[in-house]
Every structure is written in structure tokens, then in C-alpha cells.
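Got a model open and wondering where its labels come from? Let's take a few of them apart.

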There are 2 protein chains.
Amino acid sequence: MTPPADLSRLCVHTITTKPWPLEQAAREYARAGVRGITVWREALEGRDPERAGELLRSHGLSIVSLCRGGFFAHVDEAARRQALVDNRAAIEQAAALGAPMLVLVCGAAPGQPLERSREQIRAGIEAILPYAEEHGLRLAIEPLHPMYSDSRSAINTLAQATDLALAIGSEALGVAVDVYHVWWDPMLESEIARCGSAAKLFAFHVCDWKTPTNDLLLDRGLPGEGCIEVRRIRGWMERAGFSGYNEVEIFSETHWASEQEHFLNQIVQSYRAHV
Amino acid sequence: MTPPADLSRLCVHTITTKPWPLEQAAREYARAGVRGITVWREALEGRDPERAGELLRSHGLSIVSLCRGGFFAHVDEAARRQALVDNRAAIEQAAALGAPMLVLVCGAAPGQPLERSREQIRAGIEAILPYAEEHGLRLAIEPLHPMYSDSRSAINTLAQATDLALAIGSEALGVAVDVYHVWWDPMLESEIARCGSAAKLFAFHVCDWKTPTNDLLLDRGLPGEGCIEVRRIRGWMERAGFSGYNEVEIFSETHWASEQEHFLNQIVQSYRAHV
């Protein structure tokens, strides 16, 4: 059995406490004993990323990653070019912020076959990777749950993400494992081991799958609110060599509508009990 | 390119036109040129299955299968035993109806690990299989989309379903492929070929995945309303040796709320254009 996680590796994504501006999130996370922060680009709007990074570090928070780049797949070529422009901007933002990693949600376009989206994703990553390397930044491919294959990502299993990272073949390119997207996979344990052997386990996101799930996007649960064996999967990650942060990333209309200080305390409790 | 399907292999599931009682569905399907019918157990309520079968055949309809048995996975042992009782009743119903096949939605229980549900599914199928064989009935394991892993099925990929059918090893046990559940799978084409080589392709269900999908259960689309390459997947099925019916199975609050005669005409048109 994997022992409970202590708070030393607890990271929270700013989107989890979406109602809070970045400054308040930083203050509250630090107060609650959170050690890492993953910044969503939306939280940087109207802010200088370099100063934002200084602010976060002044609260003692480690900046774990910037979320998110990607969305490389489009029917329209101009949209694909625009995605590269936007990803380069995200890379500059991450570097200025002092985030060591940019997480990629790869994209999909319902008007074209999945394999075409997959080719465009590969081409997109290859196009931005040198720019990321120049900025000392790592890129993490996040496989998304198959219920997002239509319009969010054509990369839907850990095996696919690992294969893609290996095919492109840069030390700066790896994989972000989010329990919400991969928990159902009968190959999960062995694929985590394979990804770890290849030194491609770059990030680990936690939350839970609720029964029933009332919305495909915005009804995630706190660890313990659902059926995902989060601690067990964390054990697989650690046995595969992962020693990074356990990042709480929850999109939930329900939790966003609740009092956020209380919610953050719930996050810490749920983390102690279930991660 | 796979040519359009003619109507000779068009089957409709009674759940697709849920507002119609079985008798009306049979009459309307026959009028519209539908050749096959898959009967949902709910449609048999209060009816003698033998007489229902005679009625359907009197309209010239082939009975393709009975939907659905399964739901073998439960935390509680009494519930698992009850599932076997219910599956034996479904087998008797299918035999009386004159359906050659029972489709299995295998089940999952959010309170236990997926692999325990998978063991229970295997045990459940092994328990009912001899009874199905005695009744001259085939059983089809339907892998369900990973968004149903929590409470509907712990069998979520075609590879898993094929492996399970092969592991149990009876000619009466095979697989039902529903495009809605498997379209996203990067291994789909090769897994259809493998399943076909093993003579395990027992059924083929069609519908479409809409963008956005507003409900996890009841927002399926007509072929052509979404992003699934239905005709291409049908081509893979046929190249793998499948020569059975193409079964239109659509759960949709939207379509159920519409005028069902018009909807049935849309089904036929959508079938000609997209299947």
C-alpha cells in the first residue's frame, strides 16, 4: 500500500479556485500549506508574467507549470498557423513566469479524421519544440479522456502520449498524467511503468470521477468524491520514478460556486485522506 | 472507399424510437423499409415474448438481438447472484422471442476497483454461457465508452472485449461493436481486424457523436450529425468479415421528443447518406 501523501508535494491549479484572482490564490494557497502552483494562462490576463512569477515565489510557492498550450489540430491551415503563434507566446509567458513546463492539450477538430488531427498535433509539437528548448522549458503532452476526442484532443491514452513523445524524441518532451483522463485504462499501470522507464513522466494531476457525472467538462470531484483510486495510481507513478508534485486540478461549477476558502481547506483534507 | 449501405442490412433498435410501443414500432419500421429489429427488454414489458416474436416476423422483420443482459459487477454478492437470475430470464426471453443473440452491457460498480468488476464480469459470463448455449443463443460483449467505466461497464475497449471473449473461449460468445463507444480508439481498425479474424464480430451498432455532447447518456446523434466516420468503420467491419445488420441505436432526448414518423424517415435518409 502507498502511504498518504504529505503536503510537501501538494500543488493546486489556479483554475481549481477559479473565482480567485492570482494574487489571492497565491496568498490563500500559501496560508493553507500548499507548496506548488500551476498557473492557468487566464489567471495571467492583464498581468506581467515576470512580476506574477516574483509574487508567487515571494509566497514560497514553487511554480510547477503553465497550463495550457496545444490545440494544434484545425481543419483550416490559417488556424493551425495561429496555434503555433499562440504556443510560442505561451512559451515566452512560461519562461517569464519562471514555470519550468508548459502542459499541452493537443486539440482535435470534429470536421476531420482523428489521424489527421494526430498528424497535425505531431507537426505542431515539432514546430514549437525548438523554441521551448531555447527557453529551457519542458513540454508535457496530456492525454485527454476519450469523451474529448471530438474537439479537445485526439491523444486519448497514455500509450499514445508516450509513443508520441518517444517518436519526436527530445528530452524536453514528456507526458502529463491526469487521473481523470486515464483512470479507466486497463493498461494504466503498465503504461505508467513504460512511460517512467522512458523518463517521460513529467506531471501528475489529481481529482475524481463522480457518479453520476452531470457535465462532461465541469463536474469533476475532489479526490474521494468519486471512484478513482487516486492513491493507488500515485503509487504506480512513484514506483515508475515520478517524484514531482501531485497537482490538484478540478473543474467544477459546484465547487466554484462554493466559498473558496472552505473549498481550499477541503482540498487539503481530501489530499491528506485520498492522495 | 466503402460504398453506401443499401437498406437490406438496416436494423433499428426499439429504444431508438422509445415513444412507440413495440407493435407500432414493428409496423412503422416495416413501412419505412427497415429489415431488422433489435428489441429492448423494456419494449417487451407486459407482453408474451413468443407472440411478440411472431408479430415482428409477420411484418417481415428479422429479429437481430435482444438488448440487454449483463450488469454482472456489484459490490454486494446478493446483487451479483440476482444479476445471474436476471440474465437467465433474459436468455429465456430471447429464445422465446426468436432472437439469436443477447447483447451484454457488462456492468461496473463505483465502490470497487475496476479489475474486481472485470473478474466479476468474467465470472458472470461464464456462469450464464452454458444456459445461453442450451438455448441456441449467442452472447455479445459490448465494450462501452470509457465515460461509462464508473457504473455501466468496466469493459471499455474493443481489445478488452475480444480478449475476454477469447479467454472464455466459446463459439457462442463474441463482441458487439458500437461506433459511439469505440470510434476514438487509435487501435480501432486493427482491433476490428483481429476480432474478425477470431470470428468474434457479432454485432455492429451505429449512431453519431455530437459536438457539443450535452448529456453523457441521452444526447447521441443520427449518423451524419456528428464526427464519427461511420461508413469508414463499417468498411473495416466488412473487410474483417462482418456481414450482419447495421443497427441504428440512438438514445436522444431530443429525437425522442420529436415526431417519431419523421424521425424514422430521418433515420433511413441518414443511413443512406452516412452508413
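Q: How do you know what counts here?
A: This is a predicted model, so local features need pLDDT of at least 70, side-chain atom pairs count only at pLDDT 80 or more, and totals for chains, interfaces and linings use all residues. Residues are numbered from 1 along each chain as its sequence is written, chains are lettered from A and ligands numbered from 1 in written order, and side-chain values use heavy atoms, with hydrogens and water left out.

Q: What makes a space a pocket rather than a cavity?
A: On a 1 Å grid over the protein atoms alone, a cavity is a set of points where a 1.4 Å probe fits but cannot get out, while a pocket is an open set with protein on both sides within 12 Å along at least five of seven lines; lining residues have an atom within 4 Å of a point.

Q: Which residues lie nearest the centre of the largest pocket?
A: D185(A), P186(A), M187(A), T157(B) and A159(B), out of 24 lining residues. The elements giving two or more residues to that lining are α5 (158–168) of chain A plus α4 (114–134) and α5 (158–168) of chain B. The largest share, five residues, comes from α5(B). The pocket holds about 510 Å³ of space.

Q: Which residues lie nearest the centre of the second largest pocket?
A: W40(A), E42(A), R68(A), R152(A) and F251(A), from a lining of 19 residues. Its volume is about 350 Å³.

Q: Which residues of α4(B) meet α5(B)?
A: R118(B), I121(B), R122(B), I125(B), E126(B) and L129(B) meet Q160(B), L164(B), A167(B) and I168(B) of α5(B), where contact means heavy atoms within 4.5 Å.

Q: What makes α1(A) oblique to α10(A)?
A: Helix α1 (residues 22–32) and helix α10 (residues 260–274) of chain A pack at about 45°, with axes 10 Å apart. So α1(A) is oblique to α10(A) as well. On the α1(A) side the contact is made by E28(A), Y29(A), R31(A) and A32(A); on the α10(A) side, by E261(A), L264(A), N265(A) and V268(A).

Terms used:
Grid points are joined across faces, edges and corners, and a volume is the space filled by probe spheres set on the points. Helices (H or I, at least four residues) and strands (E, at least two) are DSSP runs, numbered from the N terminus. Axes are lines fitted to C-alpha atoms, for helices over the stretch in contact, and angles run from 0 to 180 degrees between N-to-C directions. Angles under 35 degrees count as roughly parallel, over 145 as roughly antiparallel, 65 to 115 as roughly perpendicular and the rest as oblique.
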